[in-house]
Number of protein chains: 2
Amino acid sequence: MRTRVAEMLGVEFPICAFSHCRDVVAAVTNAGGFGVLGAVAHSPKRLDSELTWIEEQTGGKPYGVDLLLPPKYVGAEQGGIDRQQVAELLPAEHRAFVDDLLVRYGITQPAGQQPRTTGGGLNISPKGYEPLLEVAFAHDIRLIASALGPPPADLVERAHDHDVVVAALAGTTQHARRHAAAGVDLIVAQGTEAGGHTGEVATMVLVPEIVDAVDPLPVLAAGGIARGRQIAAALALGAEGVWCGSVWLTTEEAETPPVVKEKFLAASSTDTVRSRSMTGKPARMLRTAWTDEWARPENPDPLGMPLQSALIGDAQLRINQAAGQPGTRAAELATYFVGQVVGSLNRVRPTRSVVLEMVEEFIDTIGRLEGLVDK
Amino acid sequence: MRTRVAEMLGVEFPICAFSHCRDVVAAVTNAGGFGVLGAVAHSPKRLDSELTWIEEQTGGKPYGVDLLLPPKYVGAEQGGIDRQQVAELLPAEHRAFVDDLLVRYGITQPAGQQPRTTGGGLNISPKGYEPLLEVAFAHDIRLIASALGPPPADLVERAHDHDVVVAALAGTTQHARRHAAAGVDLIVAQGTEAGGHTGEVATMVLVPEIVDAVDPLPVLAAGGIARGRQIAAALALGAEGVWCGSVWLTTEEAETPPVVKEKFLAASSTDTVRSRSMTGKPARMLRTAWTDEWARPENPDPLGMPLQSALIGDAQLRINQAAGQPGTRAAELATYFVGQVVGSLNRVRPTRSVVLEMVEEFIDTIGRLEGLVDK
């Protein structure tokens, strides 16, 4: 797939794989695609060791890192707040609701060693992500992506000094224009069908709109892409590559909690929902008792970012731990971010096979399309 | 575009144009596409004269007719209810809300000659659509489409006796399987980004899923399609043609109320919403004061089908009449069904030009895709 993005990233296939799992990142890069490690919840030390491991596995092949740089979040004016401050801002009503929810679903045992407030550890403020950037730029990354909000000017400058491509995700044409003005090199146009933080406009509509709006910047399509036909469709729309997340969650390498992986394999495309219940911003995930509980009018509304993830981080951990055990209804609650393509994820495959099947179907599709036009 | 659907319908371009406007239907058919007249609100007499006119204009070229055949609606058990019965079922609270809404937006003058309860006249029950079918089958139609619900067995049989292709719209794979079991010849896989009655799954995800589920039945893609790149994407996904509605609403020929046409030309892709406020079933339309008012928790919820359209039919007529006149805020309320592609509808074009530009961009896109693959 000879596109400008393939050249820019130095890959054979401009298939970008977003994953929190280093094994997936390395496997995609080794298969000729481009792995991107989601690092927002990592400590600097852990990020350092993950990137070192990826580089050992891939022997100099290109990969990237993804962070959340949201312009709007609780404490943004002060440049971010620390974990203790976050904890103090959690309303008693919300804490009580989450505690009660766990009890109602029979989850009584505590989480492992110490309560890990995963969400409270989302490094979404300059205080939080600055040390991660230090680590990332000390490694041989080829791309840095901002999954929420335009990257700050100094980040763009530093990236370019390191010859690192800057990408940013956009759910509307307005976002894309803002990213372009901020100096990014690559726009990821993400449709509503995507997993995780997502807007309301579908990939089919969003991609050509953004391609035209930011021309001549190259665009990747995200949302609804898990196979070669969808890659061909994305390129028909004007994208020069794709950005996929959900499809890796059911691979052999994925660290998806087992109960969630099983649910993904069984789910259909109508089983997802956009919900603020995980991070405080609308994100698409599997619809389960968890999202239903948060949607009930009599229950509290989710908090903002980063309070919601701080509120529920420990509960999520306990749910996933309890879900495999008898005597609880934890499995009903278990959920995770995933896009509507979950309906087509019906078997566990090695990551490498996913990439190669995508490429094969892509090539077949282009051949089929050629046959439709009179010469 | 040599697909099975092009052959089945006897057209050069398998671009199906759904429109309530006979001029659009005729122009698309004459341009080498396939016009489909939306006939649910027509009287048998009017349908007869519309079809006669279309046939005069197109000189034997193929066209089709679209009806709503919903399996679930108020009165379905009795085979449908008449206008008088519908009127009696409208709650006083709902009538009062609509009356008050008009007053609040300064709409005091009555509608033209006699109140036309458009919606009450939706011919969605056998009683209502049977006379329309009589008319349609007496004409030289090539296709009959069911926009809601699987077509009844006797309809499929009659259509096949007349050598008429039966199509049905599906928003989920489950719907598509039901249609296939009912004996339809062609499935229209309609993504959530479409205007009008629509589900939640996006075109990018829905089309390949349905193509695989109903194989070997051919599939058209609907939702998010207004230009050649999107047609190429649809065909990449496995569709053998497209079904478009929104793109015709801003053509020269379209009978869209002037204030609504202006709004469509100015709107962006984020300006639509799925709302039950027009027909009682979720349908995508332009978000305006009308949809916002119906979404407020303190206002009544929309009624079911066909009560809601009976309730609001006259009000809609009065809104569109008043919208062009000074001294009212009617223009704020004015809305109509449209998909997310409304963001790309920025100029009024002749219908024929729309078709030909679609085809030209489609061919260019296939050429561009060929260049991406190493030979």
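Two strands count as paired if DSSP finds at least two bridges between them. Helices (H or I, at least four residues) and strands (E, at least two) are DSSP runs, numbered from the N terminus. This is a predicted model, so local features need pLDDT of at least 70, side-chain atom pairs count only at pLDDT 80 or more, and totals for chains, interfaces and linings use all residues. Residues are numbered from 1 along each chain as its sequence is written, chains are lettered from A and ligands numbered from 1 in the order in which they are written, and side-chain values use heavy atoms, with hydrogens and water left out.

In chain A, strand S1 (residues 15-19) and strand S2 (residues 34-38) run parallel, joined by four bridges. Cys16(A) sits opposite Phe34(A) in S2(A). Zooming out, eight strands of chain A close into a barrel, in the order S1-S2-S3-S4-S5-S6-S8-S9, with parallel pairing.

Now for the core, meaning buried Ala, Val, Leu, Ile, Met, Phe, Trp, Tyr and Cys residues joined through side-chain atoms within 4.5 Å; buried is under 20% relative accessible area, exposed over 50%, and partly exposed in between (1.4 Å probe, protein chains only). The largest nonpolar core has 148 residues, and Trp248(A) and Trp248(B) have the most contacts inside it. A second, separate core of 36 residues includes Leu101(A) and Val260(A).

Over in helix H6 (residues 126-138) of chain A, the buried residues include Tyr129(A), Leu132(A) and Phe137(A). His175(A), by comparison, belongs to helix H8 (residues 173-181) of chain A and is partly exposed, with a relative accessible area of 30%.
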